[in-house]
Amino acid sequence: MAGLLLNQKVFVSLVLLVGLFLRCNGGVTSSYRRKLAGTVDMPLDADVFRVPPGYNAPQQVHITQGDLTGSAVIVSWVTPDEPGSSKVHYGKDENKLDHTAKGILTKYSYYNYTSGYIHHCLLKDLEYDTLYYYEVGKKESARQFWFKTPPKVGPDVPYTFGLIGDLGQTFDSNITLSHFESNPTAGALLFVGDLSYADNYPFHDNVRWDTWGRFTERTAAYKPFIWTTGNHEIDFAPELGEKEPFKPFTHRYPTPYLDSGSTAPFWYSIKRASAHIIVLASYSAYGKYTPQYNWLLEELPKVNRSETPWLIVLLHSPWYNSYNYHYMEGETMRVQFEYLMVQYKVDVVFAGHVHAYERTHRISNIAYNITNGQCSPVPDKNAPVYITIGDGGNIEGLASNMTEPQPSYSAFREASFGHAIFDIKNRTHAYYTWHRNQDGNAVSADTMWFTNRYYYPTNDST
Ligand SMILES: [Fe+2]
């Protein structure tokens, strides 16, 4: 009897010890304290929303990659008063714009709103790694901008990407965008969904799509934004007679989806410098046999790591998220696609949606088969790091409530607004930094040296 009691005591002690270990085995929950008060959208007369001077002057100018490899750019803008010209004049000398491309014109209505004249113009056959100047609009209302094309795709081409998600148009959004602009090394911005938050307004007031376009122009006219769709792009409102999902987004923000064999603008891929970037759509069908599923299965074998060593995936609703917000919303997509991320050695998966920051270790949870009980994430050298970067600063405020204890797969989490930088050095190394808004430009609140999953798969996340 005494022996049995002793065994029970030992057992209880062991359970407590294991429990303590598991509690301590999670990563870092930052103790940084920031304001948690809600934030408001900037007023319509804020200077960031200013309409450019001149009759019918182009506004909301933004660019994105226009083909598979970065030798094309799509320029988009809105003219408010009349159609005007859909032409873009461009060239390498700002005083001699000796090339012209003609774009297309579109517009749309949404409930009681009618858009301006939306122009999209493809500039193709551009030289790589070259500064181009471009001009849109006519005569005294013409406006000039510039962009730099990426270097030709290649395995050791250094390139720096910025990352922002869930931006919105609050005073905090403005700080995030300014903070990103103050880190000028990024050549392109990977945007992980939820743009304007216009749908938070009565009748999805699409005027807030226009203000968002004017607010972001100061960056988006110069650096290509690579778009991912979030739930705030769906704009599905049958009660308003609006039954076409993604209507404002698709009219305003084109993607080069046809060049990667996609059949819809919401999932596609691009190559840029030494990265192959796959954009997935959390709010388009992804079950087996759906167009997105079939496309991804055809796309992944095409990734050539000898050409683009870095394989990056963007999506909106995170698969690993230890905040008490949107908990497990990404679970069905994780179950559908996670094994592919491991099989094809994806380096990193960026998501938004949760208005906070989190980075995981390299883990996978793909062994479960309904009956074997193997349903916990385990360390996996072939798995991506999952990063939630939905902390752009929108009107819905911060997600500050976290599940406790911190799961062992979670390496670092903090409820602050900010942006990130993914700086590819060569085929083996990339330096990743996260910058919270309250810090100065040189401060990184979270960092990680990534080693490439194909060329140098070290234990880099721990
Ligand atoms: Fe979202």
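How near do the axes of helix α5 and helix α6 come, and at roughly what angle do they cross? Let's start there. Before I answer, please keep in mind that this is a predicted model.

Okay, the helices. Helix α5 covers residues 291-299 and helix α6 covers residues 331-343. Their axes come within 11 Å and cross at roughly 10°. Angles under 35 degrees count as roughly parallel, so α5 and α6 are roughly parallel to each other. If you want to find the contact on screen, look on the α5 side for Gln292, Tyr293, Leu296 and Leu297. On the α6 side, the residues are Met333, Gln336, Phe337, Tyr339, Leu340 and Met341. And what kinds of residues are these? The contact of α5 with α6 divides into eight nonpolar, two polar and no charged residues.

Now on to another helix pair, α2 and α3. Here the axes come within 10 Å, and they cross at roughly 10°. That makes α2 roughly parallel to α3. From α2 we have Ser173, Asn174, Leu177, Ser178, Phe180 and Glu181, and they meet Phe215, Thr216, Arg218 and Thr219 of α3. The residues of this contact come out as three nonpolar, five polar and two charged.

Let me zoom in on one of those residues, Asn174. You'll find Asn174 in helix α2, which runs over residues 171-181. Is Asn174 buried or exposed? The cut-off for buried is under 20% relative accessible area, and Asn174 has 19% relative accessibility, so it counts as buried. Leaving aside neighbours within four places in sequence, Asn174 is in contact with Phe215 and Arg218, and also with Met42 and Val48.

Next stop, the metal. Which residues coordinate the iron ion? There's Asp194 through OD, Asn231 through OD1, His316 through NE2 and His353 through ND1, at 2.1 to 2.2 Å. The angles among the four donor atoms go from 90 to 168°, and the site is irregular. Along the chain, the donor residues follow the spacing D-x36-N-x84-H-x36-H. Take two of the donors, Asp194 and His316. Asp194 sits in the loop between β13 (188-191) and α3 (207-220), while His316 sits in the loop between β17 (310-314) and α6, so the pair ties together parts that are 122 residues apart in sequence. Both Asp194 and His316 are buried.

While we're in that β13 to α3 loop, have a look at Tyr197, which lies there too. Tyr197 is not a glycine, yet it has a positive phi of about 60°. Its relative accessible area is 1%, so Tyr197 is buried. There's another case to look at, Asp166. What is its phi near? The value is near 50°, which is positive, in a residue other than glycine. Asp166 belongs to the loop between β12 (159-164) and α2. With a relative accessible area of 0%, Asp166 is buried.

Now for a couple of prolines. Pro58 is in the loop between β1 (28-29) and β2 (59-65). Pro58 has a relative accessible area of 0%, so it is buried. What does Pro58 touch, not counting residues up to four places away in sequence? The list is Pro52, Trp77, Val78, Thr79, Val136, Gly137, Ser141 and Arg143. Take Thr79 from that list: Pro58 and Thr79 are 21 residues apart in sequence, and 4.9 Å apart in space from C-alpha to C-alpha. The other proline is Pro405, in the loop between β22 and β23 (410-414). The peptide bond from Glu404 to Pro405 is cis, with omega near -5°.

Last one, Asn382. Asn382 is in the loop between β21 (378-379) and β22 (385-389). Its relative accessible area is 28%, so Asn382 is partly exposed. Leaving aside neighbours within four places in sequence, Asn382 is in contact with Met341, Val342, Lys345 and Val346.

Methods. Residues are numbered from 1 along each chain as its sequence is written. This is a predicted model: local features need pLDDT of at least 70, side-chain atom pairs count only at pLDDT 80 or more; totals for chains, interfaces and linings use all residues. Side-chain values use heavy atoms; hydrogens and water are left out. Helices (H or I, at least four residues) and strands (E, at least two) are DSSP runs, numbered from the N terminus. Buried means under 20% relative accessible area, exposed over 50%, partly exposed in between (1.4 Å probe, protein chains only). Contact means heavy atoms within 4.5 Å. Axes are lines fitted to C-alpha atoms, for helices over the stretch in contact, and angles run from 0 to 180 degrees between N-to-C directions. Angles under 35 degrees count as roughly parallel, over 145 as roughly antiparallel, 65 to 115 as roughly perpendicular and the rest as oblique. Ala, Val, Leu, Ile, Met, Phe, Trp, Tyr, Cys and Pro count as nonpolar, Asp, Glu, Lys and Arg as charged, and the others, Gly among them, as polar. Donors are N, O and S atoms within 2.8 Å of the metal (3.2 Å for Na, K and Ca); water is not among the atoms, so sites may look incomplete. Four donors count as tetrahedral if all angles lie between 85 and 135 degrees; four count as square planar and six as octahedral if opposite donors are over 155 degrees apart and all others between 65 and 115; anything else is irregular.
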